[in-house]
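Dear colleague,

Please find below the structure that I am handing over to you. A summary of the findings follows it.

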Amino acid sequence: MQEDGGGSAPERAARGIERWERAGRGLSPWARRVAWAAAEAMLCDEDERGELAPPGAEVCERAVAALDLSLGQSSPETRRSFALLVVCLELLPPFVIGAFGRMSRLSLGRRLAYLEALESSRSGLLAMLLLAFKVPMCIAAFEEGAELALTGFDRESTAARRRLPGLGAGGGA
């Protein structure tokens, strides 16, 4: 028997595909809390009075779950590297905006100011730190519901079939 698990090439390939299809966890509970705090600040909006309002819990959960599952399907090296990025995101506020405290413990307004400072930083490394979180979480956050409608997409989900006007209930194509 071979050291790589044996079997024919198609059998080994199928096992490799199964490894990617398994739902795994890539974030520790602590890292999930940090990612949740970042998602909450990234996706917040203003209410009628002009005060910051956090997004709904389902939006943050969708964003963090997508990041968690994608990291769970990645290599151990990628998960360890991302854990370092989580530590950096959590501990850099004193150096970026002078706020003494961890990012996840800052108020929503201070977290937003911190993320904006990262994004507009002259250091490309700080901007990339934010992008490592922002891109995968915002893609997932805007894939469904009211958030998807904000993007101008005219369907309730990215998987829904388009209903063309004048073609009746059956839809188009």
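Predicted model: local features only at pLDDT ≥ 70, side-chain atom pairs only at ≥ 80, totals over all residues.

Leaving aside its neighbours within four places in sequence, with which residues is Leu 89 in contact? Contact here means heavy atoms within 4.5 Å. By that rule, Leu 89 touches Val 34, Ala 38, Met 103, Tyr 114, Leu 115, Leu 118, Leu 129 and Phe 133, once its neighbours within four places in sequence are set aside.

Residues are numbered from 1 along each chain as its sequence is written, and side-chain values use heavy atoms, with hydrogens and water left out.

Overall architecture

The chain has eight helices and two strands; these are DSSP runs numbered from the N terminus, helices being H or I with at least four residues and strands E with at least two. Along the sequence, the pattern reads α-α-β-β-α-α-α-α-α-α. Of the 173 residues in the chain, 31% are buried, where buried means under 20% relative accessible area, exposed means over 50%, and partly exposed lies in between (1.4 Å probe, protein chains only). Among contacts with a separation of 6 or more, 54% are between residues 24 or more positions apart. The accessible surface of the chain comes to about 10800 Å², and carbon and sulfur atoms hold 58% of that surface. Accessible areas come from the Shrake-Rupley method with a 1.4 Å probe, and for residues only the protein chains shown count as cover.

The nonpolar core

A nonpolar core is a set of buried Ala, Val, Leu, Ile, Met, Phe, Trp, Tyr and Cys residues joined through side-chain atoms within 4.5 Å. The largest such core has 31 residues, and those with the most contacts inside it are Leu 89, Phe 133 and Met 137. Two or more residues each come from helix 2 (29-42), helix 3 (57-72), helix 4 (76-91), helix 6 (108-119) and helix 7 (124-141). Helix 2 supplies the largest share, eight residues.

Val 34 lies in helix 2 and is buried, with a relative accessible area of 1%. Apart from its neighbours within four places in sequence, Val 34 is in contact with Val 86, Leu 89, Glu 90, Met 103 and Ser 104. Val 34 and Met 103 are 69 residues apart in sequence, and their C-alpha atoms are 7.5 Å apart in space.

The aromatic pair

Rings of Phe, Tyr and Trp (its six-membered ring) pair if their centres lie within 6.5 Å; planes under 30 degrees apart count as stacked, over 60 as edge-to-face and the rest as tilted. This rule gives a count of one aromatic pair. The pair is formed by Phe 82 and Phe 133 and is tilted, at 4.8 Å centre to centre with 50° between the planes. Because Phe 82 lies in helix 4 and Phe 133 in helix 7, the pair ties together parts that are 51 residues apart in sequence. Phe 82 is buried at 10% relative accessible area, and Phe 133 is buried at 1%.

Salt bridges

How many salt bridges does a search of the whole structure find? The search returns eight, a salt bridge being a side-chain nitrogen of Lys or Arg within 4 Å of a carboxyl oxygen of Asp or Glu.

- Asp 68 and Arg 32 form a salt bridge, with the closest N and O atoms 2.9 Å apart. Asp 68 is in helix 3 and Arg 32 in helix 2, so this pair ties together parts 36 residues apart in sequence. Asp 68 is buried at 0% relative accessible area, and Arg 32 is buried at 17%.
- Arg 111 and Glu 40 meet through their side chains in a salt bridge of 2.9 Å, N to O. This pair links distant parts of the chain, Arg 111 in helix 6 and Glu 40 in helix 2, 71 residues apart. Both Arg 111 and Glu 40 are buried.
- Arg 49 and Asp 47 form a salt bridge, with the closest N and O atoms 3.5 Å apart. Arg 49 is exposed at 63% relative accessibility, whereas Asp 47 is partly exposed at 22%.

Salt bridges that share partners also join Arg 25, Arg 32, Glu 61 and Asp 68 into one network.

Yours sincerely
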